[in-house]
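Biologist: I have a model open and a few things to ask about it. Can we go through them one by one?
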Amino acid sequence: MVKNAKNRWVKMITAMVLVPILLTGMVGCSGSKGENSGSVASGDFNQEGLPIVNKPVTLKVLTVRWGSMGDTFTQNQWLKDLEKNTNVKIEWQVMSSNDWAEQKSIMLASGTLPEVILGDQSFSDSDIVNNLSYFRPLDDYIDKYMPNLKAAMQETPEMKQISTFPDGKIYSLPARLPSRPITAQQPVINKAWLDKLGLKAPETIDDLYNVLKAFKEQDPNGNGKKDEIPYSEVGLSMDFLNPFGITDLNATSMMIKDGQPVYFPTSEEYKAGLEWVHKLYSEGLIDKELFTQDSTMASAKHQNPDAPIIGFSNQWTPDAVFGKWSDQYETIPAIAGPDGKQYSTGDPSGLSYRRNELLITKFCKNPEVAARWADQFYTNEASIQNFWGAIGTVIKKNDDGTYSLMDPPAGTSADAWYWEQSLRDFGPKYASPSFEKNFALSPKTGDGLKLQLDKLGNEYVATPFPNVMYTSDEFQELPTLTTDIDTYVNTMRAQFITKGGINEGWDTYVKKLNDMGLDKLLKIRTDAYNRYTSVK
């Protein structure tokens with residue numbers, strides 16, 4: 001009791017100290033050096049063309065970056081040119097994800113937010129839905145001041161679909177990232193091991209069983225030890241159940257079957273998949289630490305210093321996980337299941353879409369200026385420069401109208417360089433599908449490599465349960481339902497795989513889920529899905 005009371009007092013004192021500091025830095029449209037810090041006069045605002053305002057005005061924009069990434073992205077030449085061409089100066093407030101959760105809570109409790117919030121890492125769906133009074137509905141602004149976004153939504157309806165809230169309004173702006181694949185994780189296997197053992201890449205689950213068994217028994221890494229682990233990961237990824245038609249792109253335990261939402265942990269396909277995995281586990285073809293290791297332990301196995309010891313897994317690209325052994329691994333097409341069909345996790349529309357990439361709060365005195373400023377991001381060239389870096393710095397614009405990426409500085413990875421030079425995943429963007437043919441990426445690394453590997457599986461991608469939006473009431477009920485139900489499903493998944501007994505225990509398992517309120521969870525998911533698909 002004494003300890004808890006002390007913790008409460010510490011939190012109260014912290015809030016009392018931080019709130020005034022946050023308020024001082026976030027209120028209204030702060031200006032400097034003679035710039036407008038209040039509402040722009042109607043004669044100074046231009047509804048079309050540039051500059052957006054005749055006299056300079058400042059917008060305060062908050063964004064959150066991973067860890068200690070800092071604000072080097074603000075030196076992006078496109079952003080500098082935008083400031084000059086629009087007469088809109090941005091006062092960036094760059095927060096670290098390390099302490100953002102606490103600061104966000106204090107900010108929302110204070111009831112005072114900065115003018116513009118940029119990036120979907122800043123505020124989640126529930127943050128917005130439960131605090132709608134802080135954010136401006138943007139439908140009218142899009143219609144009047146955002147022709148680039150309006151055209152993007154007409155060309156690509158998913159842009160409007162993903163950003164429409166349950167009340168039918170748009171409070172946050174979407175993004176379509178450039179050059180994204182259709183597939184997510186794909187099967188990756190040690191090709192050197194296959195070659196040594198005279199085996200072909202598996203095409204069916206029977207082939208995969210035989211390959212994993214050979215990996216376990218025939219010392220393919222050649223070190224004379226029985227240290228090979230045919231298959232390993234943290235927990236059981238649903239990607240391993242892809243051959244049974246199970247995919248779970250958005251981690252909801254939902255999939256679309258015959259055009260309808262289905263909760264797959266009670267499906268016959270899921271049951272058959274777990275039976276198959278139990279067989280593999282019981283024969284030592286799956287890591288015995290599957291359900292007890294963390295990501296650090298798993299990474300150590302993938303990059304074992306003396307010899308490669310992992311035979312098969314599902315990954316974004318081989319070079320993302322296998323370190324110095326990456327050259328031994330290759331991505332292969334989806335494994336066919338009992339029905340003879342192949343399935344891949346992903347989205348036929350592409351893994352490109354984001355929402356909550358920009359919000360204009362009620363504290364912004366010049367929302368039409370903020371809307372027009374945001375609309376400048378929705379062109380093809382703006383989008384690629386805010387995803388990789390500026391033309392002339394990171395991107396080369398070729399004489400034939402195509403674009404290519406320059407090599408990063410020595411000692412810097414390409415991905416790290418892009419994050420330093422751009423907003424990268426965050427912020428409003430729209431790369432038109434027709435524009436992507438003009439972009440040349442290296443097929444050997446990073447984004448370009450993934451697009452090459454994507455060709456192996458994109459025709460097998462199943463339609464996922466979409467990234468739907470929930471109402472405030474649904475957000476109140478979901479955590480209780482999902483915490484209990486997901487915990488039970490995960491517990492039983494581990495038990496069925498490691499100990500078996502799925503046939504004997506299946507009916508009891510399903511009944512327990514129903515008793516825990518599965519029907520309520522399904523109704524919430526289905527109602528949200530129906531709202532999502534009804535957006536026009």
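Biologist: Is Lys523 buried or exposed?
Modeller: Lys523 counts as exposed, because its relative accessibility is 53%. Keep in mind that this is a predicted model.

Biologist: Which side chain does Lys523 meet in a salt bridge?
Modeller: That of Asp527, at 2.7 Å from N to O. Asp527 is partly exposed, with a relative accessible area of 27%.

Biologist: Where are Asp527 and Lys523 relative to each other in helix 18?
Modeller: They are four residues apart in helix 18 (residues 518-534), which puts about one helical turn between them. An α-helix has 3.6 residues a turn, so residues three or four places apart point the same way.

Biologist: How many salt bridges does the structure hold?
Modeller: The count is 18. One of them pairs Glu269 with Lys257, where the closest N and O atoms are 2.5 Å apart. Glu269 is in helix 10 (residues 268-282) and Lys257 in strand 7 (residues 254-257), so this pair ties together parts 12 residues apart in sequence.

Biologist: What does Glu381 form a salt bridge with?
Modeller: With Lys397, the closest N and O atoms being 2.8 Å apart. That pair links distant parts of the chain, with Glu381 in helix 13 (residues 380-385) and Lys397 in strand 12, 16 residues apart.

Biologist: Which residues are linked in a network of salt bridges?
Modeller: Arg180, Asp415, Arg424 and Asp447.

Biologist: Switching to Asp375. How far away is the nearest side chain of opposite charge?
Modeller: It is 6.2 Å away and belongs to Arg372. Asp375 is buried and has no salt bridge. A salt bridge needs a side-chain nitrogen within 4 Å of a carboxyl oxygen.

Biologist: What does Asp375 touch, then?
Modeller: Leaving out residues up to four places away in sequence, Asp375 touches Tyr145, Met146, Pro147, Asn148 and Leu149. Asp375 itself lies in helix 12 (residues 367-375).

Biologist: Which residues of helix 6 are buried?
Modeller: Leu149, Ala152 and Met153, in a helix covering residues 147-155. Seen down the helix axis they fall within an arc of 100 degrees, so they line one face of helix 6. Pro147 and Gln154, on the other side, are exposed. The buried residues pack against several elements, including helix 5 (139-145) and helix 12.

Biologist: Last topic, confidence. Where does pLDDT stay under 50?
Modeller: Over residues 1-34, for which the model has 35 contacts beyond four places in sequence. The mean pLDDT of the chain is 92, and 93% of its residues reach 70 or more.

How values were computed:
Residues are numbered from 1 along each chain as its sequence is written. This is a predicted model: local features need pLDDT of at least 70, side-chain atom pairs count only at pLDDT 80 or more; totals for chains, interfaces and linings use all residues. Side-chain values use heavy atoms; hydrogens and water are left out. pLDDT is the predictor's confidence in each residue, from 0 to 100. Contact means heavy atoms within 4.5 Å. Helices (H or I, at least four residues) and strands (E, at least two) are DSSP runs, numbered from the N terminus. Buried means under 20% relative accessible area, exposed over 50%, partly exposed in between (1.4 Å probe, protein chains only). Lys and Arg count as positive and Asp and Glu as negative; His and the chain ends are not counted. The arc is that of the directions from the helix axis to the C-beta atoms.
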